[in-house]
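Here is a short briefing to read with the model open in your viewer.

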Amino acid sequence: MLNRRQALLCGASFGAVAALPVQLAAQTREHLTYPPLLDATRSQRFRLRAQAGKTRFNGGATTDTLGYNQDYLGPTLRLMTGADTQAEVENQLRAPVSAHWHGLLVPGDVDGGPHQAIAPGQSWRPVLSLDQPPATAWYHSHVHGTTAEQVMFGLAGVLHVTDGQDDRRGLPSAYGIDDLTLVLQDRQFNRRGRMTYNSGMHDAMNGFLGDTMLVNGQVGATAAVPKGIVRCRLVNGSNARIYRLSLSDNRPMHLIATDGGYLDRPIALSGLTLAPGERAEVLIEFLDGIDCSLVSDNIANSAMGGMMGGRSGGQFVVLPFAVDTTLPARISGLPESLDGVLPILDFADAPLRRFSLDMSMGMGMMMTRANRQFSINDVAFDETALNFSVALNSLERWVVQGDLMMHPFHVHGVRFQVLSENGQQPRPENRGWKDTVLVNGQSELAVRFEKQASRSAPYMYHCHILEHEDGGMMGQFSVS
Ligand SMILES: [Cu+2]
């Protein structure tokens with residue numbers, strides 16, 4: 001017999017779950033689909049076209065959306081490491097867009113940040129030379145001031161960096177069968193089913209939280225999985241929502257990769273936290289043929305400690321899994337080891353740099369959107385001003401402090417190790433290579449600068465709550 005928790009989570013009743021997102025009550029049994037796979041490992045070239053689209057979510061009205069090559073979101077790009085790939089990004093929209101390769105270790109001039117905005121009607125042709133370990137990365141528009149809105153309406157997609165060796169590693173690699181790409185986003189719809197996003201005071205301050213869960217742009221879908229080991233590449237593509245993920249029957253999730261790629265061996269976790277911009281790859285066992293759901297705690301993360309209506313508590317279903325014995329179960333055992341390498345970095349002599357992610361709580365900010373005060377070390381983002389420079393191939397120790405609420409801190413073009421969180425050993429999900437870390441108090445990072453970024457094409461560091469980023473919680477640095 002199901003216990004109460006299982007009954008609530010497995011769809012028997014949602015009425016008693018007093019948690020957002022609420023629209024999960026409208027759950028259907030539609031099959032989850034996956035973004036089209038754009039495999040550029042052989043051709044070593046791909047094209048993206050930023051375009052306007054129309055999408056019908058959850059049987060509601062058709063709503064205006066944005067996408068790369070499609071109506072909402074973009075294809076999953078598979079890129080070979082150790083190779084050069086010719087990209088082309090065309091902008092068919094009436095506003096500038098970009099394609100930032102979040103998690104690719106590429107130089108500043110091809111990073112796709114605010115300095116590589118593509119004007120309407122124009123194309124951008126960067127060459128992406130990859131020499132990093134296999135990883136799940138993603139891409140999204142990153143034009144300063146419109147990032148939150150453009151990502152909200154769909155300008156994002158997933159990147160798989162591969163070396164073609166996953167079969168040797170014993171890892172699931174059949175796209176959409178046992179290797180599942182899952183883009184987690186929360187959104188809001190009006191009564192007619194149109195996606196709404198009006199970044200009012202509350203959203204501007206705390207970041208947008210929607211009441212409807214989307215996976216790969218779908219509401220209420222169920223993922224069919226084989227009766228074996230399934231790999232989930234979890235991408236938090238939400239503007240601001242932090243997920244605390246677990247499985248409804250408490251079976252473990254085996255963490256195999258963080259932002260920067262594989263760990264040295266799987267770590268069995270009962271749950272993991274995934275903040276905006278972060279990725280995690282987990283293996284889930286369905287060998288017993290029993291269904292379960294990916295669920296999340298409801299986390300409010302409000303600057304006003306819940307006074308503004310953001311309530312934490314409860315759980316909601318992110319994605320139900322249904323075992324389908326007709327699907328090929330290729331992998332039936334967990335790998336004992338992986339080949340991810342996390343070197344012990346000698347940072348004793350590394351320069352120390354401090355960052356404070358600041359939110360002004362003055363009345364000015366409360367009154368108007370124009371007076372929002374987001375900054376890092378009291379300096380709001382200025383596209384014309386370089387904040388600092390670092391030496392190529394150097395290592396620095398960064399201490400990042402968050403103001404008032406939790407902030408996911410992302411650095412372009414680098415990878416880092418989390419040395420400590422509030423003086424403690426980092427959480428298990430932060431023990432691999434990272435490019436984004438949720439700062440809840442203070443985090444200490446060892447940052448390695450392996451690629452060049454000139455003064456005219458610098459790297460960004462910013463809060464990945466997109467409303468905070470657009471509001472100025474961002475800076476830029478060069479590497480030379
Ligand atoms: Cu923030």
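Residues are numbered from 1 along each chain as its sequence is written.

**Overall make-up**

- The protein chain has six helices and 32 strands; helices (H or I, at least four residues) and strands (E, at least two) are DSSP runs, numbered from the N terminus.
- Of the 480 residues in the protein chain, 49% are buried. A residue is called buried if 20 or more other C-beta atoms lie within 10 Å of its own, exposed if 12 or fewer, and partly exposed in between, with C-beta atoms placed from the backbone.
- Among the contacts in the protein chain with a separation of 6 or more, 78% come from residues 24 or more positions apart. Two residues are in contact if their C-beta atoms, placed from the backbone, lie within 7 Å.

**Confidence**

- The mean pLDDT of the protein chain is 90, and 90% of its residues reach 70 or more. Here pLDDT is the predictor's confidence in each residue, from 0 to 100.
- Over residues 22–26 the pLDDT is below 50, and this stretch has 11 contacts in the model beyond near neighbours in sequence.
- Residues 363–371 also have pLDDT under 50, and the model has eight contacts for them beyond four places in sequence.
- Where pLDDT is low, the predicted coordinates should not be read in detail.

**Strand β10 and its partners**

- Strand β10 spans residues 156–162, and six of its seven residues are buried.
- Strand β4 (residues 76–80) runs parallel to β10, joined to it by four bridges; two strands pair if DSSP finds at least two bridges between them. Arg78 has His160 as its bridge partner in β10.
- Strand β9 (residues 135–140) pairs with β10 in the antiparallel sense over six bridges. Here Tyr139 has Gly157 as its bridge partner in β10.

**Two open sheets**

- Strand β27 (residues 407–411) runs antiparallel to β29, with four bridges joining them; His407 has Val439 as its bridge partner in β29.

**Core**

- The largest nonpolar core has 114 residues, and those with the most contacts inside it are Leu159, Leu182, Val215 and Val318. A nonpolar core is a set of buried Ala, Val, Leu, Ile, Met, Phe, Trp, Tyr and Cys residues joined through C-beta atoms within 7 Å.
- Beyond four places in sequence, the contacts of Leu159 include Leu77, Leu79, Trp101 and Trp138.

**Residues worth a click**

- Ala156 is found in strand β10 and counts as buried because it has 26 C-beta neighbours inside 10 Å.
- Ala156 and Leu73 are 83 residues apart in sequence, yet 5.1 Å apart in space, C-alpha to C-alpha. Among the other residues that Ala156 touches, beyond four places in sequence, are Gly74, Val151 and Gly237.
- Leu73 lies in the loop between β3 (62–68) and β4, and counts as buried because it has 27 C-beta neighbours inside 10 Å.
- Most residues other than glycine have a negative phi. Leu73, however, has a positive phi of about 60 degrees although it is not a glycine.
- Asn250 has a positive phi as well, near 65 degrees. Asn250 sits in the loop between β16 (243–247) and β17 (253–258), and counts as exposed because it has 11 C-beta neighbours inside 10 Å.

How values were computed:
This is a predicted model: local features need pLDDT of at least 70, side-chain atom pairs count only at pLDDT 80 or more; totals for chains, interfaces and linings use all residues.
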